[in-house]
Amino acid sequence: MFKKVLIANRGEIALRVIRACRELDIATVAVFSTADRDSLHVRLADESVCIGPPAPAQSYNYIARLISAAEVTGADAIHPGYGFLSENAHFVEVCESCGFTFIGPSPEMIRRMGDKAEAKRTMKAAGLPMVPGSEGVITDVDEAASIAREIGYPVIVKASAGGGGRGMRIAHDEKQLRLGFGIAQAEAGAAFNNTAVYLEKYIVKPRHIEIQLFGDGQGGVVHLGERECSVQRNHQKLIEEAPSAVLTPEQRTAMGELAARGAASIGYRNAGTMEFLYDEDGWFYFMEMNTRIQVEHPVTEEVTGIDLVREQILVAAGEPMTFRQQDVQISGHAIECRINAEDFEHGFRPSPGRVTYWYKPGGPGLRVDSHVYAGYMIPPYYDSMIGKLIAHAKDRALAIRRMEIALEETIVEGIKTTIPFHRLALASEKFRSGDLSTRFVEELLRDRVPSPTP
Ligand code: MV4
């Protein structure tokens, strides 16, 4: 087992990894930018190293500085968390060539799944269902138009190097496609230095449902059920839950087995997620695979009782996974609300600054993953997420109630947060009945009764 792990991240996920290391008696090294000197991950780790100024490019994304920090502290392994360098194949190669174990997949797996057209080709070959569309990358707009005529409009042009909603263009007719195709290529070139795009039938009102996977790197892959992640805005998830209200047990098993088979086909190692679009007729289609631990992993941990971060560390250290498929039983229902330092009343604009008062909720079935404390200064340089509330209960209605109480109990002063949004969302008839789609947030805000003017 590792003796010392460096955590190449900040915020709540850094704390999450530190706690998992503690339980395994592994020493921890925190890295921090000058904006994060007073952060909890710096305090809670056994050692800490300043790696540069606030800008991520000068600190959390600066590979040479992370490697230097690992060298001077004598770490054996590096946990990337999510975001930053967690899906950077080059970083993994540098870690390994410098003698540090990267706690995650191999660079080949990251590269293969990071190329979305290649990921689709791989997963189609493994038998996963695909949205009708092009076979891989297309370079010719006439070919795009011909495929679109076959599958029917609307269609969507996606950047192969994109993902998470970046570099997409929707077309409702051939004129829009001919215009949008070139724009999508140009945008992809500018954003990812790669103009490759592919075409899909556009699913108008899908749900985003994803399957949590865990692979041992020896061809063993276990599926841990799904998460319903449709409640999102600008491709940022706001609420996630498990299980999804719409999947039948048969569908859950079918999706899980297909996803696990796909991941096994590449010998996947580490926690991973397959994202699916689920259409209004109940069909699901493979979309992308994420090769990292995700923000919303706690909802799966709550309903399965499996510690995914602990497993990541064990498997990276060459130990076997501690569970098999038959050990995975979904118990009850879990919901996560992401608390962001954002002013929901003003278009979710960032609201960094000092948290002057902080009271976090508690009680049975209520987990808080957060790095915030009273007096903490939220820096403006990073993601606005400052914590996650996770409610777990016997069924969905009780989990919603538990979350409502937690949201009511929470006191945050000094900054604005997304808590008022969550209260509105959880009170809505659509949410309560499980009538979700990726349009949920815009519909909720559109249908909102304006507050009476005095
Ligand atoms: C789609 C789609 C509809 N049809 N693909 C957005 C994120 C990226 N992973 C892919 N995305 C979408 N791809 C087809 N063929 C709709 C979306 C989409 C979406 C997907 C998941 C969650 C939220 C979303 C919000 C807008 C669009």
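At what angle do the axes of helix α7 and helix α8 cross? The close-ups below, taken from a predicted model, start with that pair.

**View 1. Helices α7 and α8 cross at roughly 145 degrees.** Here you can follow α7 (residues 141-151) and α8 (residues 174-192), whose axes come within 10 Å. The crossing of α7 and α8 is right-handed. On the α7 side, V141, D142, A144, A145, A148 and R149 take part, and they meet E174, L177, R178 and F181 of α8. Sorted by class, this contact holds six nonpolar and four charged residues, with no polar ones.

**View 2. L66 is buried in helix α3.** Helix α3 covers residues 63-73, and L66 within α3 has a relative accessible area of 0%. Setting aside neighbours within four places in sequence, L66 is in contact with L6, A8, V31, I51, S59, Y60, L85 and F91. Take a look at L6: L66 and L6 lie 60 residues apart in sequence, yet 8.6 Å apart in space, C-alpha to C-alpha.

**View 3. The largest nonpolar core has 36 residues.** Residues with the most contacts inside this core are V231, I239, M403, F421, L426, F431 and F440. Several elements each supply at least two of the core's residues, including strands β11 (236-242) and β14 (333-340) and helices α13 (419-427) and α15 (440-446). Helix α12 gives the largest share, five residues.

**View 4. I239 and its surroundings.** Not counting residues up to four places away in sequence, I239 touches E228, C229, V231, I335, E336, C337, F421, H422, A425, L426 and F431.

Terms used. Residues numbered from 1 in each chain as written. Predicted model: local features only at pLDDT ≥ 70, side-chain atom pairs only at ≥ 80, totals over all residues. Heavy atoms only, no water. Helix = DSSP H or I, 4+ residues; strand = E, 2+ residues; numbered from the N terminus. Buried < 20%, exposed > 50% of the residue type's maximum accessible area, 1.4 Å probe, protein only. Contact = heavy atoms within 4.5 Å. Axes fitted to C-alpha atoms, helices over the stretch in contact; angles between N-to-C directions. Left-handed = near helix turned anticlockwise from the far one by under 90°. Nonpolar A, V, L, I, M, F, W, Y, C, P; charged D, E, K, R; others polar. Core = buried A, V, L, I, M, F, W, Y, C linked by side-chain atoms within 4.5 Å.
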